[in-house]
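Work through the exercises below with the model open. Each task is followed by a solution in steps.

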Amino acid sequence: MPFGKYKGTLLSSLPVSYLEWFLRKGGFPGGKLGMQLSTLYEIKSNGLDEILFKIQDMLDKGELKKT
């Protein structure tokens with residue numbers, strides 16, 4: 001996360017309560033970051049965290065490249 005309370009935190013590690021806070025305050029920021037946060041909110045709020053765990057595992061094993 002590039003700013004705020006969770007500056008320096010991986011987006012996938014943000015708590016859903018923080019993502020909900022954005023929604024209460026008027027929505028996610030614009031651009032790529034906003035789209036990423038929105039997608040993350042959908043994943044976490046629908047209980048699909050396993051997707052994030054699998055991606056992190058693949059990154060750790062070198063099966064995916066970080067971009």
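The model is predicted: local features need pLDDT of at least 70, side-chain atom pairs count only at pLDDT 80 or more, and totals for chains, interfaces and linings use all residues. Residues are numbered from 1 along each chain as its sequence is written, and side-chain values use heavy atoms, without hydrogens and water.

**Exercise 1.** Describe the lining of the largest pocket.

Step 1. On a 1 Å grid over the protein atoms alone, a pocket is an open set of points where a 1.4 Å probe fits, with protein on both sides within 12 Å along at least five of seven lines; lining residues have an atom within 4 Å of a point.

Step 2. The largest pocket holds about 680 Å³ of space, a volume being the space filled by probe spheres set on the points, which are joined across faces, edges and corners. Helix 2 (31–45) and helix 3 (49–60) are the elements that give it two or more lining residues; helices are DSSP runs (H or I, at least four residues) numbered from the N terminus.

Step 3. Of the 15 lining residues, Leu11, Ser12, Gln36, Ile55 and Leu59 lie nearest the centre. Helix 2 supplies the largest share, five residues.

Step 4. By type, the lining has seven nonpolar, five polar and three charged residues.

**Exercise 2.** Which side chains meet in a salt bridge, and what is the nearest side chain of opposite charge to Lys44?

Step 1. A salt bridge needs a side-chain nitrogen of Lys or Arg within 4 Å of a carboxyl oxygen of Asp or Glu. The structure holds one.

Step 2. That pairing joins Lys61 and Asp57, at 3.2 Å from N to O. Lys61 is exposed at 54% relative accessible area, whereas Asp57 is partly exposed at 36%.

Step 3. Lys44, in helix 2, is buried and has no salt bridge; Asp49, the nearest side chain of opposite charge, is 4.3 Å away.

Step 4. Apart from neighbours within four places in sequence, the contacts of Lys44 are Ser12, Ser13, Leu14, Val16, Leu19, Asp49 and Leu52.

Note on methods: Nonpolar A, V, L, I, M, F, W, Y, C, P; charged D, E, K, R; others polar. Buried < 20%, exposed > 50% of the residue type's maximum accessible area, 1.4 Å probe, protein only. Lys, Arg positive; Asp, Glu negative; His and termini not counted. Contact = heavy atoms within 4.5 Å.
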